[in-house]
Structures are given as structure tokens and as C-alpha cells.
Amino acid sequence: MTPRVSVVIPVYNEGEGVVRHLERILREVMLPAEILVVHDMPEDTTVPFAQEIARHDPRVRTVLNTYGRGPANAIRFGIDAAQAPVAVVTMADGCDDPRQIDDLARLVDRGVVVAAASRYMPGGQQVGGPRFKRMASRWAGRTLHWFARVGTRDATNSFKAYDTDFVREVGIESNTGFEIGIELTAKATRMRRMVAEIPTIWLDRQLGESHFDVGRFMPSYLRWYFFAFGRPLSGEQLAARWAAHRPDQAPADRDKEGTRA
């Protein structure tokens with residue numbers, strides 16, 4: 001059966017901690033789905049635990065990212081490898097609510113190209129996390145919503161659903177951190193494509209240690225923050241931009257080098 005939603009989870013040495021999160025996703029997602037556990041190296045400690053789950057549930061498979069290390073490359077690889085028309089990106093740390101994966105996917109089914117889980121709209125909440133990161137994220141989300149008129153108050157949250165055709169049309173240029181969420185929201189805004197949001201309650205990391213480095217990733221976030229304020233662009237213009245930045249490696253190469261469960 002062709003999945004209706006591909007859940008993309010970038011991982012980095014999550015070890016046994018990924019089991020609880022995968023079990024929650026498998027329990028809560030009702031739509032026909034595939035769960036892609038995207039890792040950067042064959043020896044990642046997440047892989048044996050994810051493959052053990054995959055032996056009992058064919059919705060789960062591990063895929064080796066060959067686009068280069070880092071969360072942005074892993075997410076880009078996972079979306080390129082997705083078989084469903086909708087891809088939902090969620091983290092492996094248990095911060096996101098997997099009960100909302102179906103709702104986000106259904107928003108994309110209805111025609112939006114980016115569906116955001118929003119901590120900063122009425123009904124949303126962020127519990128815990130570093131203070132500076134919380135303040136910067138909230139400020140960026142609100143100012144983008146007020147002044148650039150993006151369709152969400154939480155452009156920086158990585159927990160989003162995407163129309164995979166839209167992503168393949170405009171491409172993903174990010175290659176460092178988790179800025180893919182703000183990049184695709186900014187591109188949708190400049191193309192005048194629909195972005196929508198639903199409230200979410202984000203809980204601070206419950207599993208493992210965070211690998212997020214604010215100082216390292218901030219320049220990439222700022223690049224796409226200011227990009228959102230530009231003049232409207234056509235799909236052809238963004239496609240041409242993507243063609244100029246597109247890496248050579250194709251996702252099909254994964255099957256030669258990667259692992260599948």
C-alpha cells in the first residue's frame with residue numbers, strides 16, 4: 001500500500017531512547033504511513049534498535065543519509081526518499097506530539113504546502129528548553145507572522161508537514177542545522193503558496209542529550225529569516241534558484257550505499 005504520509009526522523013546516536021518515541025508514533029499515526037529513520041553513519045547507535053522494531057512493523061525502515069552529515073542533510077535526504085505525497089518531519093527526542101502527525105498531514109491534503117505545529121499561537125505552549133533559544137524563536141516567529149505575513153507564528157519549529165512535490169520543486173538549500181523549517185516557510189510565502197498552523201504543546205527533550213548549537217546554527221536561521229521579506233517569486237524563479245544550488249547526488253544512490261530494514 002502506498003503511504004499517505006512519510007514521517008522523517010533524523011537521528012544521531014539516539015540508542016535505545018528511540019524505541020519509546022517510535023512506539024508512540026506507531027501507536028498514534030492512523031494514516032497509512034512509512035517511518036523513515038535517517039542516520040548519517042552505519043554505526044549510529046540508533047540503527048539496531050530501529051531495525052529491531054522494523055522487523056515487527058514494516059512501516060519502519062532505516063535509511064542511510066548520503067547527502068553529508070548533519071540534521072539538515074538528513075532531513076533533506078529523508079524528504080527526497082519519501083514515497084508519500086506528504087512528509088512530516090519530527091525529532092527523535094520526544095519533544096513533538098505524534099498525535100498531531102495525522103492532523104498536519106490532512107492540512108497538506110487540503111492544499112497547504114507547509115503545515116506547522118505552532119507553539120506560539122493560541123492553544124500552543126512551549127514547556128522548558130534554554131531561555132535564549134525560547135526567546136529568539138518566539139521573537140522570530142512573531143515578527144515573521146506580523147511583518148512578512150508568513151502563515152504561521154512558529155516558522156522555526158521543525159515539526160511540520162510538507163507537500164513533497166512543493167519541496168522537490170523549490171528544493172532545500174540548507175545544509176547545517178534545523179533551519180529547513182524556516183527556509184521552506186519563507187519560500188512558500190514568497191511564492192504566495194498556503195501555509196497553515198495548528199497549536200501544539202512542545203515539551204523539553206525527554207530522551208538523550210540535545211545536539212542543538214544556537215551559536216553555530218544562528219547565521220543559517222537569519223539567512224532565511226531575511227529571505228522571507230523579499231518580493232514575490234514565481235515557481236520558475238525558485239526552481240531555477242534550486243537548479244543552481246542543487247547537489248549532484250540523487251536519493252536513488254541511497255540504495256547502493258544505504259541500509260533498509
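How much space lies in the second largest pocket? About 150 Å³. Keep in mind that this is a predicted model.

Let me stay with that pocket for a moment. Its lining has 13 residues, and those closest to the centre are Asp96, Asp97, Arg99, Ile201 and Leu203. By class, the lining of this second largest pocket splits into 4 nonpolar, 5 polar and 4 charged residues.

Next, the aromatics. The structure holds 6 aromatic pairs. One of them joins Tyr67 and Phe77. The geometry there is edge-to-face, with 4.9 Å from centre to centre and 75 degrees between the planes.

Tyr67 has 11% relative accessibility, so it counts as buried. Phe77 is at 0%, and therefore counts as buried too.

On to another pair, Trp139 with Tyr225. Their ring centres lie 5.5 Å apart and the planes meet at 20 degrees, so this pair is stacked. Trp139 belongs to helix α5 (residues 131-148) and Tyr225 to helix α8 (residues 214-227), so the pair ties together parts that are 86 residues apart in sequence.

Is Trp139 buried or exposed? Exposed: its relative accessible area is 51%, and the cut-off for exposed is over 50%. Tyr225, its stacking partner, counts as buried because its relative accessibility is 8%, and buried means under 20%.

That pair is part of a wider group. Ring pairs link Trp139, Tyr225, Phe226 and Phe229 into a cluster.

Last stop: Glu183. You will find Glu183 in helix α7, which covers residues 180-190. Here is a charged residue with 0% relative accessibility, so Glu183 counts as buried. What lies 2.8 Å from a polar atom of the Glu183 side chain? The backbone nitrogen of Glu173.

Which residues does Glu183 touch, leaving out those up to four places away in sequence? Gly171, Ile172, Glu173, Ser174 and Trp224.

To recap, then. We have a pocket of about 150 Å³, a cluster of rings that includes Trp139 and Tyr225, and a buried Glu183 in helix α7.

Notes
Residues are numbered from 1 along each chain as its sequence is written. This is a predicted model: local features need pLDDT of at least 70, side-chain atom pairs count only at pLDDT 80 or more; totals for chains, interfaces and linings use all residues. Side-chain values use heavy atoms; hydrogens and water are left out. Helices (H or I, at least four residues) and strands (E, at least two) are DSSP runs, numbered from the N terminus. Buried means under 20% relative accessible area, exposed over 50%, partly exposed in between (1.4 Å probe, protein chains only). A polar contact is a pair of N or O atoms within 3.5 Å; within protein, one must be able to donate a hydrogen and the other to accept it, and residues adjacent in sequence count only if both atoms are side-chain atoms. Contact means heavy atoms within 4.5 Å. On a 1 Å grid over the protein atoms alone, a cavity is a set of points where a 1.4 Å probe fits but cannot get out, and a pocket is an open set with protein on both sides within 12 Å along at least five of seven lines; lining residues have an atom within 4 Å of a point. Grid points are joined across faces, edges and corners, and a volume is the space filled by probe spheres set on the points. Rings of Phe, Tyr and Trp (its six-membered ring) pair if their centres lie within 6.5 Å; planes under 30 degrees apart count as stacked, over 60 as edge-to-face and the rest as tilted.
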